[in-house]
Amino acid sequence: RYSVEVQGLARAAKARSSAFVSASSTVAGTTLTLGRNGESWDIDIADGSTLEEAAQAIRDSGAPVSAAVVSDGTSSYLSLTTTETGHEIGGDPADALSVQETITGAGGQALGLAITTVAENAHVLVDGLAVESASNVITDALPGVTLELTATSGGPEELVLARDLDG
């Protein structure tokens with residue numbers, strides 16, 4: 001028997017551009033540098049590309065982010081989300097995603113990307129022992145047990161383990 005309390009879930013870092021009229025709006029030529037935990041990816045976006053073409057260039061780059069054009073019904077935005085949740089244990093959450101733009105053209109609007117959500121790690125108490133994980137799937141807190149976190153618990157809950165005698 002174990003006491004388990006999920007205090008926080010891991011979440012991905014996110015960035016979003018400034019507002020564009022539509023997904024077909026043109027973007028100023030840019031060298032976009034995306035960073036994640038000490039690694040970086042330089043992505044060239046051609047002058048006059050559409051916002052959707054900029055998203056495709058980011059997806060094609062191999063950078064560990066998803067890129068999509070989203071709309072609030074009035075404006076369109078380029079939205080980036082890291083493909084993995086959390087950040088390195090003991091590291092700076094801001095290192096999970098960094099964005100730097102170098103404008104190389106004038107054939108459209110600058111992206112104006114800014115971080116909107118900082119990555120967070122999962123935090124769990126197991127019998128009072130603090131466990132931190134960059135993922136919501138924890139495999140090393142209890143031997144032979146995988147904890148798949150889906151929500152905070154609001155307090156400790158009892159986890160009862162039993163040996164499978166049939167298998």
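Predicted model: local features only at pLDDT ≥ 70, side-chain atom pairs only at ≥ 80, totals over all residues.

Student: Then where is asparagine 136?
Tutor: Asparagine 136 sits in a loop, with strand 12 (129-133) on one side and strand 13 (137-138) on the other.

Student: Is asparagine 136 buried or exposed?
Tutor: Asparagine 136 counts as buried because its relative accessibility is 18%, and buried means under 20%.

Student: What does asparagine 136 touch?
Tutor: Setting aside residues up to four places away in sequence, asparagine 136 touches Leu9, Ala10, Thr85, Ala122, Leu147, Glu148 and Leu149. With Ala10 there is also a polar pair: a polar atom of the asparagine 136 side chain lies 2.7 Å from the backbone nitrogen of alanine 10.

Student: Let me step back to the whole chain. How many helices and strands are there?
Tutor: The chain has one helix and 15 strands. Its radius of gyration is 20 Å, well over the 15 Å that the globule rule gives for 167 residues, so the chain is more spread out than a compact globule.

Student: And what box do the C-alpha atoms fill?
Tutor: Along the principal axes, the C-alpha atoms fill a box of roughly 65 × 35 × 30 Å.

Student: How much of the chain is buried?
Tutor: Of the 167 residues, 37% count as buried. The chain exposes about 9000 Å², and carbon and sulfur atoms supply 47% of that area.

Student: What about contacts between residues 24 or more positions apart?
Tutor: Such pairs account for 65% of the contacts in the chain with a separation of 6 or more.

Student: Changing topic, how many positive and negative side chains are there?
Tutor: There are 7 positive and 23 negative side chains, and the centres of the two sets lie 6 Å apart.

Student: What is aspartate 95 in contact with?
Tutor: Beyond its neighbours within four places in sequence, aspartate 95 is in contact with Gly35, Arg36 and Asn37.

Student: You mentioned Asn37. What is its phi?
Tutor: The phi of asparagine 37 is near 50°, a positive value in a residue other than glycine. Most residues other than glycine have a negative phi. Asparagine 37 lies in the loop between strand 4 (30-36) and strand 5 (39-45), and at 25% relative accessibility it counts as partly exposed.

Student: What is the phi of aspartate 127?
Tutor: Aspartate 127 has a positive phi of about 50°, and it is not a glycine. Aspartate 127 belongs to the loop between strand 11 and strand 12 and is partly exposed, with a relative accessible area of 49%.

Student: Last one: where does valine 118 lie, and what does it touch?
Tutor: Valine 118 lies in the loop between strand 10 (114-117) and strand 11 (122-126). Not counting residues up to four places away in sequence, valine 118 touches Arg11, Ala12, Ala13, Pro93 and Ala94. At 42% relative accessibility, valine 118 counts as partly exposed.

Conventions. Residues numbered from 1 in each chain as written. Heavy atoms only, no water. Helix = DSSP H or I, 4+ residues; strand = E, 2+ residues; numbered from the N terminus. Buried < 20%, exposed > 50% of the residue type's maximum accessible area, 1.4 Å probe, protein only. Contact = heavy atoms within 4.5 Å. Rg over C-alpha atoms; globule rule 2.2 N^0.38 Å. Areas by Shrake-Rupley, 256 points an atom, 1.4 Å probe, with all protein chains shown as cover. Lys, Arg positive; Asp, Glu negative; His and termini not counted. Charge placed at Lys NZ, Arg CZ, Asp CG, Glu CD. Polar contact = N/O pair within 3.5 Å; in protein donor to acceptor, adjacent residues only side chain to side chain.
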